[in-house]
Amino acid sequence: MSGIFDTDVENAWCPGCGNVAILDAVKKALERTGKAKHEIVLVSGIGQAAKLPHHVDVNVFNGLHGRALPAALAIRMANPSLTVVVTSGDGDIYGEGGNHLVHNIRRNTDIAVFVHDNQVYGLTKGQPSPTSDPGWAGSLQRSGVIAGPFPPLAAAIALGCGFVARGLAADVEFTADLMVRAIAHKGFALVDILQPCVTFNKKNTYEWYGRMTYKIPPDHDAADRVRAFALSLEWEERIPIGVLYRRDDRPPFEELHPGVGDPPLHARETPPDAVRDLLRKRLFTLP
Amino acid sequence: MGIDVNIRVTGGAGQGVHTAGGLLCRLAVAAGHHFHATQDYMSRIRGGRNAYTVRIREIPVRAGRPQADIVLSLDPANLPRTLVSLSPTGIVVCDLPAGGAGSADPRVIAAPLKDLAVSAGSPILANIVGAGIVARALGIPPETVDRVLALEFKGDFLDKNRAAARLGGEWAVPRVPSGYSLPEAAFHPRLILAGNEALALGAVAGGCKFAAGYPMTPGSGILLGLSADGPPLGLVFEQAEDEIAALNMAIGASYAGARAMVATSGGGFALMAEALSLAGILETPVVVAMGMRPGPATGMPTRTGQEDLAFVLSAGHGEFPRLVLSPGSVEEAYALAHHAMEMSEAYQVPCILLTDQYLADTVVDADPGDFPALPVNRRIVHGSDVPRDAKGRYLRYAITGDGVSPMAVPGEPGITVVADSDEHTEDGHLTEDHTVRIAMVEKRTRKGEALEMETLPPLLAGPPDGEVLLIGFGSTKGVIAEAREILSVEGVATAAVHLRQVAPFPARAVSEILDRYRTALTVENNRTGQLARLIRAETGREVSGTIGRFDGLPFTPGEVAERVKERL
């Protein structure tokens, strides 16, 4: 890799962390888009995954836990010429920010969302996440997780998300390819990336994912929503990776919103005459 | 002081109370007079008891009063309540069918509003029939009523409305006394605006290009104004899934270079507190319009209060500078919204516009000259004006003398903008270096000090020293001014100071003013005297007392005057 997107920010991840592989995939994918640094914005929330943007030399918005999506939406609305990519963890996007996930899939905002899904809260040291397997005992849920796991891909397909895929941190090339396609997709694109947490998740390890996952065969019709939904429910026996569902018939939010477009908001002026016209409309005069 | 007629339209939600009240406001202006209108409504879609009160004078009016001279009662069931606040010499025009049982009270005039409305073409026009009766009681010529109606309605519906108003006017003679006739006056074009509308217009005039919000009374009116008046000037509006999203959206848009705002009320603002803190550390300009209503929690959703002063001053974890402005009139709502946009960007701080339901829903006629198109000074830097490190990378948080770092926006070749909610280095990347931490805290603090240098001074009215000083912030401005007039007539000289900015607090100016009066009383719509506490904290001076009101209704001038006299 040429390293054009490298930064000199110190790495805060554990040795062997899946985030390192996801970072490689993100940089590869961004290079393949052919975009210049200034045309890309990486948006994240909080957590180990959300530190990723600091390692990529592009525009960065590292906001609040769970709140990457509202910021990403507004950046797109303010300047639709920017390529906006969200990278954050499963706790961030599926837990704290779940409401924003639901409503931005509904909006069909043209952003690509990469969720580093390690089924655990790593930075706060080992609590179960929304995607933790039932029965798994982490701190704060010591007798094992009772709640059923949040099914991100099934939920996205149910909500009509136009690009729904699953990547595997360990397979950088495969995941980078999914990322390139997600970024190219016109509309909301979700890539859930299976990511081992080498410190806190001793169940869903590199070895476990290697054994459980299989690549979705090329004859899968990704436009078949019912078949895609069935695929999204596979987990106990084996886990499909690749593009589960895609539809291109729905225009993105930015194209439908009447105010969004050229010029970007920062370049729009406020002519005094236009202000006077606005006030004149409120002036009460007798005909 | 000439005429002073207080008209109240009452009825259930859905009966056209607002339409009839609004029509009477315009008729007053058309007749060359001035008005102040307030709304008192219940938290429901249909039914209940709503009131729209229009006070008409020959001079601009900036406060209401409780006793009505003329009541237009669209719902007879409300009559007993209506009579409680009726002047002894007042009249009630009440919708009672001809031949039906009337009221024993001689002030009640039974008027067949619905019957006349049906004759005009539709029973829903009962409110317009009633407005026609009131217009006749005010001596407003039918031709004027016709002209004003033509501004609001078109075609067949205009004809029906005109017929309804005319039937009402004809019915009124000679059944309704003419003691409330307005003197003749020359017509002047006026702006007719509610506080919420003026605030939204000021923000749009201040270059606001992005707004988001989740509906909540009384902030919704600002969102309505922004979504209606903003788009012609390039504003984009988005209804958010919740208030948390709304402020995070506005901050995202601001990062991308748009002047951005949200509007809400106390409960929604509570949800925004974390994002307010985000704006503090990201140093993204953003404006939050916060319309207060009584709490705690859901409280009284459609009523007024000033209970959230202490909350907005401290909301958000951590220490960061903020600007809090508290407009006291529709003119100030417009001017301060523009000022908020300018200052928020100049110092890259969050700015809160603190209003309340009373100001939000107060409608007045205003001098168009008080609503200028002021310049919008954008401060985005480009190219060679962008501070960079030795490797040529943009330093979003460059350490500067006044703490304000030149702000570039993403999208410009050769620049990447890095903004981080963690403590960060000058180039925006997260750090745990304590030396950098100190430098960044000091930088943000210096911005606050620079902001403080531009604090809007409090507005003092009345003698520069003496016995009594009344102190208020926000919506109490007009009420206190009129209370002073009442006291003056009764031989009690008072001064008043209006705070249109509460953070940074104008401590020196307020201290100097306080020292010149024997008795200083805060007037505030809360129970615990939050403004008095703020003054003590900021100036070390104790006020003599607080005139508080916390029933959900605004102060009235007569009430404030009485309560001042009790303290003397």
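Reader: How many helices and strands has chain B?

Author: This is a predicted model, in which local features need pLDDT of at least 70, side-chain atom pairs count only at pLDDT 80 or more, and totals for chains, interfaces and linings use all residues. Residues are numbered from 1 along each chain as its sequence is written, while chains are lettered from A and ligands numbered from 1 in the order in which they are written. Helices (H or I, at least four residues) and strands (E, at least two) are DSSP runs, numbered from the N terminus. Chain B has 18 helices and 21 strands.

Reader: What is the radius of gyration of chain B, and what does the globule rule give?

Author: The radius is taken over C-alpha atoms, and the rule is 2.2 Å times the number of residues to the power 0.38. For the 568 residues of chain B the rule gives 24 Å; the radius of gyration is 26 Å, close to that value, so the chain is as compact as a globular protein of that length. Along the principal axes, the C-alpha atoms of chain B fill a box of roughly 90 × 60 × 40 Å.

Reader: Why is strand β1 of chain B described as largely enclosed?

Author: A residue is buried if 20 or more other C-beta atoms lie within 10 Å of its own, exposed if 12 or fewer, and partly exposed in between, with C-beta atoms placed from the backbone. In β1(B) (residues 4-13), 7 of the 10 residues are buried, so the strand is largely enclosed by the rest of the structure. Of the 568 residues of chain B, 58% count as buried.

Reader: Which strands are joined to β1(B), and do they run parallel or antiparallel?

Author: Two strands pair if DSSP finds at least two bridges between them. β1(B) is joined by 9 bridges to β3(B) (residues 47-57), antiparallel, and by 4 bridges to β4(B) (residues 68-73), parallel. B:Arg8 has B:Thr53 of β3(B) as its bridge partner, and B:Ile7 stands opposite B:Ile70 in β4(B).

Reader: How many residues does each chain bring to the contact?

Author: Two residues are in contact if their C-beta atoms, placed from the backbone, lie within 7 Å. Chain B brings 65 residues and chain A 50 residues. On the side of chain B that touches chain A, α9(B) gives the largest share, 9 residues.

Reader: Which strand of chain A is joined to β7(B)?

Author: Strand β11 of chain A (residues 283-284) is joined to β7(B) by 2 bridges, and the two run antiparallel. Here A:Leu283 stands opposite B:Leu191.
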